[in-house]
Each structure stands twice: as C-alpha cells, then as structure tokens.
Amino acid sequence: MPTTDTDLLGNTLTEQERALLNVYEALKKLAARDDLPPCADRNVRKALMSMWQATNDLDLQFEQLYDLGV
Amino acid sequence: MAYSEFWNPKNETLPREQLQALQLLKLRRLCEWAYATTPFHQRKFDAAGFKPEQLKTLDDLRRIPFMTREEWMESLQEKPLFGDMLATDPRNAIRYHLTSGTTGRTPIRVLDSMKDWDWINEMWCYGLWGFGIRPEDSVYFAFGYGSFIGFWGAHYACEKIGALVIPGGAQTTEARIKQIIEMGVTTVCSTPTYALHMWQKAREMGIDLAKESKVNKVILSGEPAGSIPAVKQQLEEAWGAKCGDTAGMTEVGTIMIFECSHQPGGTHIIEDHYIEEVLHPTSDKPVGYGELGERVVTSFGRGFIPVLRYRTKDMVMKVPASTCTCGRTWDIYSGGIRGRWDDMKLIRGTNVYPRAVEAIIREYPAIDEFQIHIWRKEELQDEITIKLEIKPGHEGEWAELQHKLAKDLSNAHEGLRFNIERMDYGVLPHFELKARRLVDARPAVQY
C-alpha cells in the first residue's frame with residue numbers, strides 16, 4: 001500500500017517499516033471516511049495519532065493530519 | 001526481557017550527515033506549512049524576503065527570520081486568545097496549556113491536536129527511556145496537574161512506555177512521601193527544588209529515603225539545577241538514586257533535551273525532532289562547540305503553532321555527541337541549561353519576568369516603592385517576596401491589598417506563591433533614573 005519504496009532519506013524500506021507504513025496508510029483511509037460509528041471513528045483517530053509517531057520517528061513520513069482531525 | 005537502550009535506535013545513532021539531511025528536509029516542509037497556513041509566519045517571511053524554496057542547505061536556515069517571545073506576546077495581545085499563530089482550526093485541538101507571559105497578566109496560550117499532544121509525550125519517551133525508565137518501573141509524579149504543562153507529557157509518556165503511573169496531584173508532601181514508600185515507587189519526577197524539599201520533609205518524618213524507598217531514578221525538570229554538579233550530587237545522595245536532567249518549554253510543548261543513563265554531565269538534544277542553534281547573543285553569529293551562546297530552537301513537532309528559530313534566551317554550551325559514551329550521535333548541552341541571557345527568573349519551575357511583576361504591582365496606586373526579592377529558604381527552596389512601601393495616607397488599604405496582590409501575581413504565574421512583605425516607608429531604595437528593583441540573593445551556581 002505505501003506509495004514509496006524508500007524512507008525520507010532515500011533508504012530502501014525494511015520489511016518492518018513497510019508493514020508499519022501500511023498500517024498508517026490504512027488508518028488514514030479509515031479516518032477519511034464519514035460513515036464510521038463514533039466508537040470506530042474516534043478510536044481510528046487515536047490509532048492514527050500513535051502510528052504517526054512511529055512512522056515519523058522512523059523517517060517514513062513527515063506530514064500534518066489536521067484535515068483528518070488528528 | 002532485553003530492551004534496546006534507545007527509544008529510536010535508527011535516529012538516535014544516525015550518522016550526523018544523514019541527521020542533517022533529515023533536518024533540512026523537515027525544515028523545508030515545516031516552512032512550507034507555516035507559510036501556507038499561519039499569518040504570523042507569512043508576515044514575517046514576507047518582511048524578511050524569505051521563501052521556503054530558498055532552503056538548499058542547512059546553512060540556509062539563517063535566512064529564516066527569528067521568532068521572539070515579545071512578537072508572540074504582541075500577536076496574542078492584538079488578537080486574543082491565540083494571536084495569528086494558529087496553523088489550523090482551533091476546533092482540531094484537544095489540549096490547552098499556558099505559561100506566564102513577559103508583560104502583565106497576558107499568558108502565552110497554546111493548543112495541541114491529538115497528533116501534536118501525542119508527539120509531546122513521544123519526546124518525553126525519548127528522554128525517559130534514555131535515562132532507563134522501563135515497563136517494570138513505578139513512576140511517581142510530584143506534580144499539581146494544572147494548566148501549567150509541567151510533567152503532563154511525562155505522565156503520558158510513562159503510560160506509553162508501559163510503566164505504572166502514580167499521579168501525585170494535590171496532596172501534602174507528607175502524603176506523597178508515604179505513597180512513594182507504600183507503592184514501592186522506583187522513579188520520581190519532580191523539580192530539583194521539590195525533590196530536595198521531599199527529602200527534607202522525609203527526614204523530619206524519620207524516613208531515610210535512600211534506605212527506605214525503592215527509588216533508583218529521579219527525573220528532574222523545570223529548573224537548571226538538575227545539571228548543576230553540587231545540587232545533583234546532593235540529590236543523588238539524599239535519594240540514593242540516579243538523577244537525570246531534562247528541559248522543556250511550553251512554547252514547543254515538551255522537552256528538547258535529556259540526560260541519558262550514561263550521565264555525561266549534560267543533556268542530549270533530540271536532533272531528529274529539533275534544530276538547536278547556539279548563537280552569540282548580540283552578534284547572532286553561530287558559536288562553536290565549547291562556547292556559551294543563546295539557544296535558538298526550531299521544532300518539527302507541534303504543527304498547530306509552528307515554532308521556527310525561536311530565541312529562547314537560554315544560555316547553553318554545545319559539545320559533540322562523542323563526549324558521551326552512550327553511542328547516540330546527538331550533540332549535548334554540557335551542563336544543560338546554564339542560565340539566562342535576559343532578566344527572566346525561574347522560581348520553582350515557573351518563569352517570572354520582573355517587568356510582568358512590575359506591571360501588576362503598578363495596578364495598585366497605594367503602592368509607592370517596591371523590590372522583587374528572590375532568595376533561597378533553608379538552602380533548599382527558592383522563594384519570591386515582594387517588599388513594598390504603602391504611600392502615606394493609604395495605610396488602611398494594606399490588609400486587603402496584601403491578599404489581592406498575592407492572588408493577582410499568583411494567577412499570572414501558574415499558581416506560583418508570592419510572599420508580600422510591607423516595609424516601613426522610606427526603607428526601600430527610591431530611584432530617579434535606572435531603577436534596580438530586582439534582588440536575586442540566591443547563591444551563584446558553580447559548574
């Protein structure tokens with residue numbers, strides 16, 4: 001699912017980095033939906049908030065998520 | 001279970017060339033974000049003729065205009081409550097905190113989104129993990145949990161790490177000490193001043209914390225004392241524990257620097273999330289390793305209020321990462337934050353600007369002359385006392401004024417207690433030209 005094969009520094013993604021980025025991108029897609037019940041909608045955002053930290057710490061992305069309310 | 005020594009092994013040991021490439025990439029994106037979303041930065045960039053695309057190397061950082069606390073305050077005063085600093089809709093915020101301002105009663109107010117707030121905790125994770133906090137630890141927070149940001153981030157960081165969190169909250173010192181013993185606490189988070197106060201109170205209670213508690217780590221923040229060798233040694237002996245220094249600021253929301261478990265006599269800079277410049281305080285030119293200068297911070301964290309080249313007025317001395325044996329590639333502030341280049345005073349973790357205190361005192365026409373007296377009680381606790389003279393004919397106002405002034409000053413300073421002392425008329429020095437109303441009687445620091 002990641003649209004890139006490298007991290008921000010141009011290094012090839014490891015298997016674990018690719019897996020983490022997949023989860024992050026999947027959560028972004030879920031957070032963009034408007035048909036989730038509150039229990040899913042808000043917990044998806046909490047999960048996305050956490051995955052932003054992991055993927056940002058590992059130089060996999062550096063972006064803002066305010067348009068998703070995160 | 002064997003744990004990594006590093007919270008983020010990839011970046012904490014990243015070769016410096018790659019670290020700087022990462023900083024440049026993040027800096028460019030942050031500037032693009034700030035320019036596209038934040039009127040404050042749009043105005044400043046335009047006035048300086050700076051465009052984010054001019055950032056070709058890290059040295060181009062110096063094209064970005066400085067950001068000052070005074071500008072921040074002006075923005076807040078012109079457009080309450082948050083000025084024109086916000087990069088996104090305030091409805092995206094889930095957290096509000098404030099810090100005391102430089103003038104009068106206006107505080108600096110900040111907002112964080114879910115992601116920003118979790119990033120704040122993440123920075124504490126770097127520091128706490130780096131000093132040795134692990135899921136097996138029980139961490140006690142000797143902290144009041146108010147609007148002051150203080151140890152809030154550290155609290156959530158410990159939850160994230162998986163440690164047992166024990167919030168001290170609004171309790172007496174005696175109750176806190178009993179809880180630390182009863183719960184088998186291994187780590188205490190406190191200001192240096194309060195950690196010494198707890199030790200002294202425990203002694204009065206007949207408790208030797210070094211022998212009777214299980215505390216083996218004390219995380220210090222809020223005051224420079226955590227890196228002052230004499231204070232650190234006193235604290236380590238008193239608690240029978242290793243003491244680790246950290247430093248943060250409300251303007252960025254969290255810590256920027258932390259002492260690792262190798263205790264190199266200073267604090268590592270979290271360089272994958274910040275750029276920390278050290279500049280000559282008047283020429284603004286970068287100073288080299290081993291030279292004192294002013295900390296200027298750029299934060300890649302809180303996108304809600306972008307902080308770019310913020311002049312902190314903190315006095316620091318950067319030394320290379322290799323000064324420490326831990327293996328991190330992140331440079332170090334030898335001695336942590338060593339002091340201030342301006343007149344701000346740090347009293348029990350709270351910023352106090354004499355001009356802000358004066359502005360509040362001047363709201364009381366009955367007060368004639370005054371002096372801000374900062375002193376150390378029983379060699380342990382910093383105190384601030386306003387000594388004042390009442391104008392002849394206004395003596396009847398003293399009783400009410402005493403309480404109201406103490407409350408006003410406290411409200412403007414994160415709840416800090418101010419002592420108010422009335423002096424006989426004519427005792428305090430009266431000034432005609434440059435007034436010197438601040439007396440800092442605390443002992444000088446030795447590094």
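Colleague: How many residues of chain A are in contact with chain B, and how many of chain B with chain A?
Modeller: This is a predicted model. In it, 17 residues of chain A are in contact with 19 residues of chain B.

Colleague: What is the chain A side made of, by class?
Modeller: The side of chain A that touches chain B has nine nonpolar, four polar and four charged residues.

Colleague: Switching to helix α2 of chain B, residues 16-37. How far apart are its end C-alpha atoms?
Modeller: They are 31 Å apart. At 1.5 Å a residue, the 22 residues should span 32 Å, so the two values agree.

Colleague: Which residues of α2(B) are buried?
Modeller: B:Leu19, B:Leu22, B:Lys26, B:Leu27, B:Leu30, B:Cys31, B:Trp33 and B:Ala34. They cover an arc of only 165° around the axis, which puts them on the same side of α2(B).

Colleague: Why would residues three or four places apart point the same way?
Modeller: Because an α-helix has 3.6 residues a turn.

Colleague: And what do the buried residues of α2(B) pack against?
Modeller: Three elements of chain B: α3 (39-48), β10 (274-279) and β11 (292-299).

Colleague: Which residues are exposed on the other side of α2(B)?
Modeller: B:Glu17 and B:Ala36 are exposed there.

Colleague: Next, α8(B) and α10(B). At what angle do the axes cross?
Modeller: The axes of α8 (residues 192-204) and α10 (residues 229-239) of chain B cross at roughly 35° and come within 10 Å. The crossing is left-handed.

Colleague: Which residues meet there?
Modeller: From α8(B), B:Pro192, B:Ala195, B:Leu196 and B:Trp199; from α10(B), B:Val231, B:Leu235, B:Ala238 and B:Trp239. By class, that contact has eight nonpolar, no polar and no charged residues.

Terms used. Residues are numbered from 1 along each chain as its sequence is written. Chains are lettered from A and ligands numbered from 1 in the order in which they are written. This is a predicted model: local features need pLDDT of at least 70, side-chain atom pairs count only at pLDDT 80 or more; totals for chains, interfaces and linings use all residues. Helices (H or I, at least four residues) and strands (E, at least two) are DSSP runs, numbered from the N terminus. The expected span of a helix is 1.5 Å times one less than its number of residues. A residue is buried if 20 or more other C-beta atoms lie within 10 Å of its own, exposed if 12 or fewer, and partly exposed in between; C-beta atoms are placed from the backbone. The arc is that of the directions from the helix axis to the C-beta atoms. Two residues are in contact if their C-beta atoms, placed from the backbone, lie within 7 Å. Ala, Val, Leu, Ile, Met, Phe, Trp, Tyr, Cys and Pro count as nonpolar, Asp, Glu, Lys and Arg as charged, and the others, Gly among them, as polar. Axes are lines fitted to C-alpha atoms, for helices over the stretch in contact, and angles run from 0 to 180 degrees between N-to-C directions. A crossing is left-handed if the near helix is turned anticlockwise from the far one by less than a right angle, and right-handed if clockwise.
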